[in-house]
Amino acid sequence: MERIRLGMVGGGEGAFIGEVHRMASRLDDRYTLCAGALCSDAKKAASSALSIGISQERSYSTYQEMASTESDLVAGIEVVAIVTPNHLHYPIAKEFLLAGIHVICDKPMTIDTQEARELIDLAKTSNLMLAVTYNYSAYPMIRHARMMIQSGELGELRVVHTKYTQDWLTEPLENTNHKQAHWRVDPKKSGVGGCVGDIGTHAYHLSCFVTKLKAISLCADLSSFVDGRRLDDNAHIMIRYEGNTKGMIWSSQVAPGNGNNLEIQIYGDKGGLVWRQEQPNELIFTPINKPGQTLLRGSAGLSENANALSRVPVGHPEGYIEGFANLYREIADALMIYRSGKKPSSGDILFPTGEDGYDGVSFVEAAVKSNNKGSVWVSL
Ligand SMILES: NC(=O)c1ccc[n+]([C@@H]2O[C@H](COP(=O)([O-])OP(=O)(O)OC[C@H]3O[C@@H](n4cnc5c(N)ncnc54)[C@H](O)[C@@H]3O)[C@@H](O)[C@H]2O)c1
């Protein structure tokens with residue numbers, strides 16, 4: 001099978017997540033990175049492309065030039081990965097969808113729900129894929145947790161407690177030349193949410209994905225603890241999910257000692273589950289009135305989907321890159337269906353799509369609205 005022709009916008013020298021997307025796309029040998037507009041600075045875009053083996057002719061100074069040229073090529077890119085700061089996701093995704101090219105966009109999908117809806121509609125009318133890289137949803141033990149909940153092993157769900165805490169913005173890093181901090185605290189580039197948009201959205205998506213519950217309303221208390229910071233750096237959010245399930249999200253980027261501390265706890269009337277991103281190969285299950293068990297990725301008796309996404313035997317740790325690559329693998333399967341002139345059915349798609357992207361942006365808007373009104377309950 002000919003590899004999928006992938007392009008990338010963003011992810012130049014010194015950038016963070018572009019490189020992770022490139023590694024993820026390579027892990028299963030399903031993609032070839034053929035083209036890029038890797039940086040807003042033309043010179044840096046060219047040198048970045050050269051350093052990762054993109055030919056000079058297919059390294060572009062602007063994403064507009066890339067979309068129009070690639071769509072005219074016989075073997076132009078089939079899909080583009082968008083790994084720029086948040087405010088550019090919408091114009092870039094729109095440009096590529098209008099050029100007939102599938103889109104993989106990092107989160108948050110856009111900076112408001114109007115833009116998000118427009119992209120969803122555009123992808124639909126153009127018969128193109130719009131995927132969003134909520135990568136934590138593709139870890140094998142997360143897929144196993146989802147199956148356990150679906151098959152009733154936890155009973156009626158009562159409580160979903162998700163935290164995503166980091167410490168890298170404890171000090172005003174944005175006042176230095178720190179590339180990633182700089183745009184994340186600028187409302188024009190980040191959107192209305194700071195920490196809540198950057199990592200709160202991951203926690204929110206994960207909670208809905210694992211439980212298959214829709215959130216109905218939320219009540220948020222956002223803070224900007226660092227002097228002069230214009231966006232939130234800490235968020236406490238209560239959530240009411242459908243079916244009387246209650247939840248809480250704590251996301252923070254000012255919690256010293258926390259690296260990438262994403263954790264979800266789910267409790268029903270028959271048992272509880274705990275998963276921690278920093279120990280992703282383990283899922284702790286406690287059925288009521290029985291001893292707790294630690295289920296290990298790659299061990300016997302796990303669900304089909306967890307096994308399908310597990311790459312090496314039990315005891316060989318897998319983590320962030322493999323989880324990200326699992327999304328790229330599932331997206332590749334969907335793109336193969338598009339290639340054959342068909343459309344994947346929604347039941348075949350487990351990776352996050354435009355609708356998940358929309359929900360994430362809607363969560364951010366609701367959290368900011370709730371906070372600004374004095375932490376009142378707001379519908380989602
Ligand atoms: N899924 C995840 O786990 C995860 C993790 C980190 C970041 N992200 C998301 O990925 C995106 C990028 O974050 P980052 O930390 O890598 O940012 P970054 O600042 O490290 O990189 C952004 C890149 O975009 C480039 N860029 C800016 N404007 C451009 C333009 N007009 N054309 C081409 N390139 C342009 C920059 O030059 C840079 O190379 C953000 O939306 C962020 O929320 C997702």
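Visitor: Which strand does Met-248 lie in?

Guide: In this predicted model, Met-248 lies in strand β9.

Visitor: Is Met-248 buried, partly exposed or exposed, and why?

Guide: Burial is read from relative accessible area: under 20% is buried and over 50% is exposed, with partly exposed in between. Met-248 has 30% relative accessibility, so it counts as partly exposed.

Visitor: Which residues make the nonpolar surface patch?

Guide: Met-238, Met-248 and Trp-377 make that patch, and its area is about 240 Å².

Visitor: How should I read the sheet around β9?

Guide: Strands of a sheet pair through backbone hydrogen bonds, either parallel or antiparallel. Here, nine strands form an open sheet with mixed pairing, and the order is β13-β12-β11-β10-β6-β9-β8-β7-β14. Since β13 (293-296) and β14 (377-379) each have a single partner strand, they stand at the edges, so one side of each is left without a neighbour in the sheet. From one strand to the next, the twist averages 20°.

Visitor: How many bridges join β11 to β12?

Guide: Five, between residues 271-276 of β11 and residues 282-287 of β12, and the two strands run antiparallel.

Visitor: Which strands does helix α12 lie across?

Guide: Helix α12 (residues 354-372) lies across β7, β8, β9 and β14, and it runs at about 60° to β7.

Visitor: What about β1: is it mostly covered or uncovered?

Guide: Strand β1 (residues 4-10) is mostly covered, with seven of its seven residues buried. Six bridges join β1 to β2 (residues 31-37), and these strands run parallel. For Met-8, the bridge partner in β2 is Gly-36.

Terms used. Residues are numbered from 1 along each chain as its sequence is written. This is a predicted model: local features need pLDDT of at least 70, side-chain atom pairs count only at pLDDT 80 or more; totals for chains, interfaces and linings use all residues. Side-chain values use heavy atoms; hydrogens and water are left out. Two strands pair if DSSP finds at least two bridges between them. Helices (H or I, at least four residues) and strands (E, at least two) are DSSP runs, numbered from the N terminus. Axes are lines fitted to C-alpha atoms, for helices over the stretch in contact, and angles run from 0 to 180 degrees between N-to-C directions. Contact means heavy atoms within 4.5 Å. Patches are made of residues with over 30% relative accessible area and no salt bridge: like charges are joined within 9 Å, nonpolar side chains (Val, Leu, Ile, Met, Phe, Trp, Tyr) within 5 Å. Accessible areas come from the Shrake-Rupley method with a 1.4 Å probe; for residues, only the protein chains shown count as cover. A salt bridge is a side-chain nitrogen of Lys or Arg within 4 Å of a carboxyl oxygen of Asp or Glu. Buried means under 20% relative accessible area, exposed over 50%, partly exposed in between (1.4 Å probe, protein chains only).
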